[in-house]
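Me: I am new to this one. Please show it to me, and then I will ask some questions.

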Amino acid sequence: MIDIKFIRENPDIVKNACAVKNFADNVDDILALDKRVRELKTITQTKTAEKNKITREIPTATDKAPLIAQSKKIGEEIAADMAELADKEAELNELLHCVPQIPSADAPIGRDDGDNVEIRRVGEPPKFDFTPRAQWDLLDMNNWWAPEKIGEICGTRTYCLMGEAAELSLAIQTYVIQKLISKGFRFVECPSITKPQTIFNAGHFKGSDLSVMNNDVFMLTDTDRCLAGTAEIILNSLHADEVLNEKDLPIKYAGFSPCFRKEAGAAGRDTRGLVRFHQFNKVEQYIYCTPEQSDEMHEHILNNLCEVMEDLELPYRVIANCTGDMGFNKVKMNDVEAWFPSENAYRELGSCSSIGQFQARRTNTRYRAGDGTLQFCATLNNTGIALPRALVPVIENHQNADGSVNIPKKLQPLMGGRTKIGGKH
RNA sequence: GGAGCGUUGGCAGAGUGGUAAUGCAGCGGAUUGCUAAUCCGUGACCGUGUUAUAGCGGUCCAUAGGUUCGAGUCCUAUACGCUCCGCCA
């Protein structure tokens, strides 16, 4: 969430942020409520001070009765004002939770993903001297999945990988985890079951009403738990209510977890192949740092994902997501998209986000700065790799005429030294 | 699932109805000057105030209620942790 003091002092910046991110602008209502809340605080606090003064005289007074009566009377007056204060504060809080994060000045302004900007392109889409197969044909002919069977027994938007494809998926995850560990990330195997409040604290949803997430998040019936859509949720709360030491920052985590999403807004999209499921696996990069370190860390974790693309020998591009596409809690966002030959298009494999102090304010994660003061941490996150989606460009880009798939060099040690899988044996 | 114990500042840790001890760390200051020590100050959040400080006031002892003139302390519920029992990959 955004600091009320910042809104007081910079209402125009906040109004502009609401406009370019397509969120309702409640700034004027917030400022009016804030003014009234402060008035009520002054009134109740003055009366409370008066009451405290009398209460403190009671133990030593010879005639206690009149003091007790007076204290009781002031107490009743305070209760009336407190009721209005509580109402107004709740109202103010609700509006504050609907104020989006201020986007970075260098983020492109735009309405939706049509206004995103490509900032660089690395590698060339492969040229095949045969008719390349789409992912589903490669998977079928190599017996690497069983979509009809799994659909029948588990329902839509589920998948299974079999044989060498399952091995390759695990090898990619292991490769990325080891790479991140070597770059100073602490590996965390995260739970997927969590409390709704934990999801809310990651700041993807606006407002204070937890039921807004029911559309996107699987709730577990007859419990107070739900399933997290990403390890970011857990990593974001790992230091909630703690005070970190500035000298320990940045703290870098590589989280791994199964991820669960309803995909309610994607009905009919990507129903074939390995792109979009209710459950998938993801390695996630997550950073705690000072606001001053944030831009450098953004480049660091973006670069890590780009390196993974290069290690997987995939043509890819980096996108600067526009203000309207980046979401509620973000300062800036860069999607990394790999080349999907079957779609003749680049498609998202990862998303790198700077959150500023927005999440840390919700989780109350602070650090003791060099000057002794307390500050909210800045947080960032990026995909490490997501499976099985990442398998699609790997098998499509590296396929051979016989339906076999060349294994990228860096993965070969994790595949028992094999250089290719599948095809006619 | 059952029983017991616990939750106080960054950390450790006192506090049995009347203004939350103390130690360590961090930060600020003073002093000494062989690289460290000694002394003093300093909890967080909010309101008010200030160019900025200071000052003044309020709140905070896991969370939410309750009793009371007054609650860290008494009562109720919940969350989390630990120990033991049961079950279990």
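Me: Which element gives the most to the surface near RNA strand B?

Reply: This is a predicted model, where local features need pLDDT of at least 70, side-chain atom pairs count only at pLDDT 80 or more, and totals for chains, interfaces and linings use all residues. Side-chain values use heavy atoms, without hydrogens and water; residues are numbered from 1 along each chain as its sequence is written, with chains lettered from A and ligands numbered from 1 in the order written. With nine residues, the element that gives the most is α3.

Me: How far is a polar side-chain atom of Asn 52 from a phosphate oxygen of RNA strand B?

Reply: Compare the sugar or linking oxygens first. One is 2.9 Å from an N or O atom in the side chain of Lys 41. For Asn 52 and a phosphate oxygen, the distance is 3.1 Å.

Me: How many salt bridges does the rule find across the interface of domain 1 and domain 2?

Reply: An automatic or database assignment gives domain 1 (4-96) and domain 2 (113-422) in chain A. A salt bridge needs a side-chain nitrogen of Lys or Arg within 4 Å of a carboxyl oxygen of Asp or Glu. Across this interface, the count is zero.

Methods
Polar contact = N/O pair within 3.5 Å; in protein donor to acceptor, adjacent residues only side chain to side chain. Helix = DSSP H or I, 4+ residues; strand = E, 2+ residues; numbered from the N terminus.
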